[in-house]
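This report goes through one protein model, from the chain as a whole to its metal site and its core. Keep the sequence and the structure in view while reading.

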Amino acid sequence: MNCTEFLANLTDYFDAKTAATLRVELERHMGGCSHCHVTVDTTRQTIEVYRNNELFELPESIRTQLHQAVLKKCANLKRKKAHTA
Ligand SMILES: [Zn+2]
């Protein structure tokens, strides 16, 4: 397999249904070709970003921070209301 063939099959590498034999060939080429290795890394990151956006999933740490910020805001509002009442 050369770089052109590798790139032609690149999307298949990320497809779970891809035949194991093709996957082995892709991995063998990637192991000896830094250019294709970088391409796969970049593509994988792009796919992960895309998937995250698609699901509107927030990282756990950001979600926790948001949650705490909202709780804090609510607590402050309640306190203010209690003082005015
Ligand atoms: Zn290559």
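## The chain as a whole

The protein chain exposes about 7100 Å², and carbon and sulfur atoms supply 59% of that area. The model is a predicted one.

The secondary structure consists of five helices and zero strands. Read from the N terminus, the order of elements is α-α-α-α-α. The protein chain has 85 residues, of which 13% are buried. Of the contacts between residues at least 6 apart in sequence, 49% join residues at least 24 apart.

## The zinc site

Which residues hold the protein donors of the zinc ion? They are Cys3 (SG), His29 (NE2), Cys33 (SG) and Cys36 (SG), and these donors lie 2.0 to 2.3 Å from the zinc ion. The angles among the four donor atoms run from 99 to 115°, and the site is tetrahedral. Four donors count as tetrahedral if all angles lie between 85 and 135 degrees, so the angles of 99 to 115° meet that condition.

Along the sequence, the donor residues follow the spacing C-x25-H-x3-C-x2-C. Cysteine 3 belongs to helix α1 (residues 3-8), while cysteine 33 sits in the loop between α3 (20-32) and α4 (34-55), so this pair ties together parts that are 30 residues apart in sequence.

Is cysteine 33 buried or exposed? Cysteine 33 has a relative accessibility of 13%, so this residue counts as buried. Cysteine 3 has 31% relative accessibility and therefore counts as partly exposed. The cut-off behind these labels is that buried means under 20% relative accessible area.

Histidine 29 is placed in helix α3. Histidine 29 has a relative accessible area of 13%, so it is buried. A polar atom of its side chain lies 3.2 Å from the backbone oxygen of methionine 1. Leaving out residues up to four places away in sequence, histidine 29 touches Met1, Asn2, Cys3, Phe6 and Cys36. Two of the residues named there, Cys3 and Cys36, also provide donors to the zinc ion.

In soluble globular proteins, nonpolar side chains tend to be buried together. In this model, the largest nonpolar core has eight residues: Phe6, Leu10, Tyr13, Leu26, Met30, Cys33, Cys36 and Val40. Helices α2 (10-13), α3 and α4 are the elements that give two or more residues to this core. Cys33 and Cys36 belong to the core, and both also supply donors to the zinc ion.

What does valine 40 contact, apart from its neighbours within four places in sequence? Valine 40 is in contact with Phe6, Leu10, Tyr13, Phe14 and Met30.

## Leucine 10

Leucine 10, another member of the core, lies in helix α2. The relative accessibility of leucine 10 is 10%, so this residue counts as buried. Residues up to four places away in sequence aside, leucine 10 touches Thr39, Val40 and Thr43. Leucine 10 and cysteine 36 are 26 residues apart along the chain, and their C-alpha atoms are separated by 9.2 Å.

How values were computed:
Residues numbered from 1 in each chain as written. Predicted model: local features only at pLDDT ≥ 70, side-chain atom pairs only at ≥ 80, totals over all residues. Heavy atoms only, no water. Donors = N, O, S within 2.8 Å, 3.2 Å for Na, K, Ca; no water. Tetrahedral: all angles 85-135°; square planar, octahedral: opposite > 155°, others 65-115°. Helix = DSSP H or I, 4+ residues; strand = E, 2+ residues; numbered from the N terminus. Buried < 20%, exposed > 50% of the residue type's maximum accessible area, 1.4 Å probe, protein only. Polar contact = N/O pair within 3.5 Å; in protein donor to acceptor, adjacent residues only side chain to side chain. Contact = heavy atoms within 4.5 Å. Areas by Shrake-Rupley, 256 points an atom, 1.4 Å probe, with all protein chains shown as cover. Core = buried A, V, L, I, M, F, W, Y, C linked by side-chain atoms within 4.5 Å.
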